[in-house]
Amino acid sequence: MTGEKYDVLKRFFGYSSFRSGQEELIDAQMEGRDVLGVMPTGGGKSLCYQIPAILMPGITLVVSPLISLMKDQVTALKAAGVPAAYINSSLSAGQINKVYQNLLEGRYKIVYIAPERLATEGFLATAQRLRISLLAVDEAHCISQWGQDFRPSYLRISEFVGKLRRRPVISAFTATATERVRRDIERSLGLDRPLRIVTGFDRQNLRFEVMKPKKKDEALLALVSERAEKSGIIYCSTRRDVESVSRMLRDAGLPATRYHAGLTEEERRNNQDDFIYDRCGIMVATNAFGMGIDKSNVSYVIHYNMPQSIESYYQEAGRAGRDGLDADCILLYSARDIRTAQFLIEHSGGSEELTESEQSKVTEQALKRLSEMVGYCETDRCLRGYILDYFGQKHPKTCGNCGNCDGSFSEKDITGEAGAVFECVRLVRERIGYSLGSARIMNVLRGGRDKETLALGLDRLPVYGKLRGVSSDALREMMESLKTQGYLRVDPVHGALFLTPRAEDAVRRHETVTMRVRGKSADSLSAAKRTPAGTEEDGLYAALRDLRYRAAKEEGVPAFVVFSNATLRDMAAKKPTTESEMILVAGVGQKKLQLYGKRFAEEIKRYLGENGG
Ligand code: ADP
Ligand code: ZN
């Protein structure tokens, strides 16, 4: 059996080794055991049930929440030579009946189905006559009321299983972190002593960065222009921002399209296709976009606003680099994002199925998740490390591939400035008998002539104008740092500043005070320092990409269904000109070899001939 599994992996999917967790999950299902696989987005969950599906004698049903996901998966499976189909509301009654008939005739190995379809009489009647070997539940966290994507129809899956003649093996897959949701999945699906595998959440090809630009639009435009040839997603938290950002990009001549729940279904579908088929390189969208979008060549994901949780962030950012090539995940953060997120959480309609007290629990949990997200934006530790901590995975202290640990930070001595700030806070309080907020303190230090300062006689303090030479932005950042380092405390109601014992100690003991500052490169985009993946510019790679484009167009499928970028890159490196060389390329299986092998090999021969390879 071990051999068979590897055969299938190579023959249908073109890969020669398994990723972490895949093999164990496949083996367990083949032995008849239920499984729960927790893997990050892009971790390779689909193979974990597709390979058993191909090897098991009966049919595999895959429950999946989104129509677009099914369609893509089925297209990709058929392209790889696996007989597959899907059943959801996008099909007419006639088409659905045809699928039922084919099912009964044993024409499929894998059938994707929307959860609400399981309960329909027509399907149940068909299912009861089938030999179902495996029921795989994708996005299984949708079953939990505590998760973010609760779907009541998922709760009926086990009811459906109960009506079958024979209980199939049940496998569940999710990328969600919390223990509570994982427990809900096991209980609600009735998993029987499942093998639980939680695989690495680390995606080493993703580079994380948080930027705090003064003007988000300008920063975004620069980021996107630099990546003109590439495909990327820009997430905004409101429809209004989607509208204005996509307009801005288009006005600048960039190929941007948009997606949010306020558009007609037709426009959403068209825009999504434009993006997936690479007719438009840039998708500006709310979080309504992306679940189930399997586009492997997304090379950056930029968040125009902070999302509401690390889970959402990692899932959305994780849509970059699914082909394993270097990709950027950049978050443009401003303090205003916190208020927007809070508002969205507190005003989200909630679920009608929850009681009031359950609802307030849900809101409370959402706010907790939000504060973890804010922590990510404000931390000066390794960003990857912060995420892995959240998912409960161990990691080295620094990763060397994120905005906080790739050298763009340095330690700056601010003892003098900090001393002036501390003195100012102390003297103001002595003079007027109460404390002022940051803005006023800054005015005094920078020698402001505003009414308030003069009226209170603060211009006569010895610290007045002492930091005149420091720009207001630099001073603001410094005070922020003094707050996060615990030298200053802010009254949460009035915003007034107080010294903490730590500040008093520092002054008394003449301690050095420092802060971490971003190097110049941080604002001018450290990603620009990296050369674009060498082979992208390679002529052969470009020629193969053109050929892929033509082939995809002829067949009316997305480019990644032909070959992924990673496959093209491997092909450009190995330069196969015969069938036996071609099959060694990662991502080239038997069917793809048959369909495209010759054509691509010829293109390589032609290229080498013309370029003296
Ligand atoms: P998930 O469903 O977990 O988000 P997918 O199943 O869509 O992820 O897999 C993501 C990508 O990784 C796909 O392009 C898939 O072909 C690829 N992949 C999966 N398993 C392997 C493997 N063993 N070797 C190489 N690539 C793989
Ligand atoms: Zn790092």
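In what order do the seven strands of the open sheet run, and with which pairing? The order is S3-S4-S2-S5-S6-S1-S7, with parallel pairing; strands here are DSSP E runs of at least two residues and helices are H or I runs of at least four, numbered from the N terminus, and two strands pair if DSSP finds at least two bridges between them. The model is predicted, local features need pLDDT of at least 70, side-chain atom pairs count only at pLDDT 80 or more, and totals for chains, interfaces and linings use all residues. Residues are numbered from 1 along each chain as its sequence is written, and side-chain values use heavy atoms, with hydrogens and water left out.

Strands S3 (84–87) and S7 (195–198) form the edges of the sheet, each pairing on one side only. S7 is joined to strand S1 (residues 35–38) in the parallel sense over four bridges, and Leu-36 stands opposite Arg-196 of S7.

Turning to helix H4 (residues 67–79), its end C-alpha atoms are 18 Å apart, which agrees with the 18 Å that 13 residues should span at 1.5 Å a residue, the expected span being 1.5 Å times one less than the number of residues. Just after H4, Gly-81 takes a positive phi of about 95 degrees.

By an automatic or database domain assignment, the chain is divided into domain 1 (2–198), domain 2 (206–407), domain 3 (410–520) and domain 4 (539–610). The C-alpha centres of domains 1 and 4 lie 30 Å apart.

Terms used. Chains are lettered from A and ligands numbered from 1 in the order in which they are written.
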